[in-house]
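Dear colleague,

Please find the structure we discussed below.

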Amino acid sequence: MNLAIFLVGMTVAHLLELPYAPVLVFGVVVTIRRMVRKDLQRRKQGRSWRNNWVLELVLLVILLPLAGQGISKMNNMIVFGGIVLAIAAFVAWRSYRTVPAEHVGIVRRVQGRSHPEFRHITPYNTRGILARALLPDRPSWLLPLRYEVTFVPRTRVAEDKIGLVTAKEGKMRPASRSLALPVACDSFQDGQAFLLNGGEQGRQVDTLANGQAYYINTELFEIEQVDRVYVPPGTIGLVNAKAGGIRPPGRLFGPHVECENFQNGGLFLAGGGEQGRQLAILQGGAYYNINPALFDVVTVNNVEEGRGELTVQHLQEISIPIGYTGVVITLDGADPESSDGLGPRVPGHEGFRLPWVFIQNGGRRGVQEETLREGTVCALNPYFVRVVLIPTRLLILEWNDKTQAEYWNYDAHLDRIAVTVQGHRLFVDMSQTLQIPPASAPILVSKNGGSQMTGLGGLDWNPLPVQRFVERVLGAIVASYFNQIAAAATGLPGGVRRDPRRSVLPGAQRAAGMGRGGPEHHPGRIQGRGSDTQRDPEETGPRTDAQRTARPGTGQRGTRGRHRRRTGTCREPAHGPGTQGPHRGAGSEQRHGAGNAHGDHQGPRSAVHRRR
């Protein structure tokens with residue numbers, strides 16, 4: 001461009017017959033400037049043909065004599081005017097500033113008065129660093145002796161990072177607030193608008209998004225890049241707010257605020273967000289641009305870093321296996337109406353995935369009537385719910401000697417049945433099928449424990465509720481049943497006979513509160529059947545045959561019937577009510593019919609002892 005100006009000037013001077021001296025002086029200045037620029041490039045990039053100034057040196061040798069000769073022919077007024085014009089041209093040339101691509105120009109005013117409020121970085125044209133930065137392809141005019149311009153690379157945030165912003169200048173924020181409120185300033189690229197709109201000093205609520213470049217005045221803002229929050233698939237992320245209001249006593253969570261999955265801290269604070277645990281969770285398989293100065297996110301990647309009782313298992317999605325139902329215990333909500341009542345169904349919370357809707361619609365704390373069906377996979381907040389797995393498949397309970405490895409079985413507390421018949425101590429091994437209807441699972445958990453409403457939730461495999469039901473209800477009724485048989489027995493030990501028929505399971509059902517003996521809104525059934533099915537001419541319905549052999553004599557252990565057939569096992573954690581059992585005494589036979597306790601409690605028929 002300078003070469004073009006020189007050629008145009010020489011042409012105009014020749015056509016108008018004007019002196020050539022001013023144009024020649026301009027050519028000398030431009031040539032010297034090109035030589036200086038190439039010398040700087042040589043120092044930075046090394047010697048090459050691009051920064052070789054031999055051509056400029058030859059041109060300078062030619063122009064200098066011509067310029068001197070032209071000046072000598074001019075009178076003094078013309079020389080003086082030329083000098084003034086040259087100085088003006090030099091000042092204009094030095095005042096013209098263009099910012100290189102991918103850079104930002106930071107301007108410092110070195111002369112003039114400073115602003116009383118903004119002494120270091122100022123939004124006005126006063127002494128100090130100007131908040132307004134120079135952008136590429138936008139030329140500006142700044143006097144060389146009054147302003148200094150420094151070029152710095154623009155800020156680029158990596159793809160897997162976010163930018164945390166700290167303002168070095170601005171208003172003082174209140175002591176009760178740890179983060180500065182958001183200000184409209186084009187993602188911190190307009191420093192002048194930031195200061196004039198009341199931007200505050202310190203760490204900012206807003207962040208810089210990943211994978212983008214920003215023209216930011218680095219004298220006003222300091223940028224720190226941190227990792228984005230990643231929640232692996234099949235897991236969840238729990239959020240704790242570090243800033244916001246103080247929640248009232250007695251509340252476990254702050255109110256829910258829509259804030260783009262905690263990625264918009266300004267909306268969270270403006271919407272009344274409170275410190276502490278949040279009801280909403282982060283779904284797995286996604287990245288989140290969350291400000292770590294505002295939110296602490298717990299994932300499976302950092303759960304081991306001093307997170308208290310939280311473990312990796314608490315952060316897994318809850319999956320209800322086939323053959324089970326999930327009894328839900330909510331840890332927050334309105335106080336329950338009674339200690340043993342179930343929480344009523346609440347609409348709109350999408351299977352407890354929206355806990356704030358559950359609370360807003362009047363959901364109560366404790367065991368809920370609504371359950372999670374088998375095959376359900378959902379992401380639930382372990383601070384809000386606990387899910388107790390209750391088996392709905394057919395199980396087999398065994399009254400026999402147990403080993404230490406069988407501690408987690410549902411029949412872990414069922415020992416061999418001991419009865420005394422006419423002075424003889426008999427030990428009987430028995431097995432019984434059990435099945436829990438899904439609708440009856442909540443009342444089983446409510447009445448038999450495992451429904452504590454404190455601590456952490458998540459998926460609970462604890463077999464305690466079913467173990468207690470089996471031990472305290474079914475076990476007690478079966479033991480009483482055999483004691484009544486022994487008390488009513490007549491004849492010799494080798495052959496005892498009992499006339500009245502008894503029903504065991506309906507009593508167990510009423511004791512568990514799972515039939516008509518329980519709450520009306522929880523009808524259920526308990527099924528029981530024996531291993532070998534036979535028919536007695538004296539009875540009309542199908543019956544199960546429970547056979548055991550017991551030798552007469554104190555302390556002798558009975559042996560199992562030879563036709564016994566197993567249909568399942570309960571050696572894995574789960575729950576279920578229903579009983580069945582074969583047992584055969586010495587010289588006697590006991591049969592159990594198939595039973596179904598539903599409504600009228602039609603249970604299995606009592607055993608019939610006959611002499612052989």
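The notes below move from the whole chain to single strands and residues.

This is a predicted model, in which local features need a pLDDT of at least 70, side-chain atom pairs count only at pLDDT 80 or more, and totals for chains, interfaces and linings use all residues. Residues are numbered from 1 along each chain as its sequence is written, and side-chain values use heavy atoms, with hydrogens and water left out.

**Confidence**

The pLDDT (the predictor's confidence in each residue, from 0 to 100) averages 77 over the protein chain, and 71% of the residues score at least 70. Residues 495–503 have a pLDDT below 50, and this stretch has 31 contacts (heavy atoms within 4.5 Å) in the model beyond near neighbours in sequence. Residues 511–612 also fall below 50, with 367 contacts beyond near neighbours in sequence. Where pLDDT is low, the predicted coordinates should not be read in detail.

**The chain as a whole**

The protein chain has 10 helices and 34 strands; these are DSSP runs, H or I of at least four residues for helices and E of at least two for strands, numbered from the N terminus. Of its 612 residues, 47% count as buried. Here buried means under 20% relative accessible area, exposed means over 50%, and partly exposed lies in between (1.4 Å probe, protein chains only). Among contacts between residues at least 6 apart in sequence, 76% join residues at least 24 apart. The chain exposes about 30700 Å², of which carbon and sulfur atoms supply 53%; accessible areas come from the Shrake-Rupley method with a 1.4 Å probe, and for residues only the protein chains shown count as cover.

Strand β25 (residues 430–434) is largely enclosed by the rest of the structure, because five of its five residues are buried. Met430, Gln432 and Leu434 point one way from β25, while Ser431 and Thr433 point the other way, and all are buried. In a regular strand the side chains alternate between the two faces of the sheet. Strand β22 (residues 395–399) runs antiparallel to β25 and is joined to it by five bridges; two strands pair if DSSP finds at least two bridges between them. Trp399 has Met430 of β25 as its bridge partner.

**A three-stranded sheet**

An open sheet is formed by three strands in the order β14-β13-β16, with antiparallel pairing. Strands β14 (276–277) and β16 (295–298) stand at the edges with a single partner strand each, so one side of each is left without a neighbour in the sheet. Two bridges join β13 (residues 238–241) to β14, and Ala241 has Gly276 of β14 as its bridge partner.

**Residues at the surface**

Val54, Val58, Ile62 and Leu66 make a nonpolar surface patch of about 340 Å². Patches are made of residues with over 30% relative accessible area and no salt bridge; like charges are joined within 9 Å and nonpolar side chains (Val, Leu, Ile, Met, Phe, Trp, Tyr) within 5 Å. A salt bridge is a side-chain nitrogen of Lys or Arg within 4 Å of a carboxyl oxygen of Asp or Glu. Val54 lies in helix α3 (residues 54–72) and counts as partly exposed, at 48% relative accessibility.

Asp137 is not a glycine, yet has a positive phi of about 60°. Asp137 sits in the loop between β4 (128–130) and β5 (140–141) and is exposed, at 76% relative accessibility. Ser187, likewise not a glycine, has a positive phi of about 55°. Ser187 belongs to the loop between β8 (161–167) and α5 (191–196) and is partly exposed, with a relative accessible area of 38%.

With kind regards
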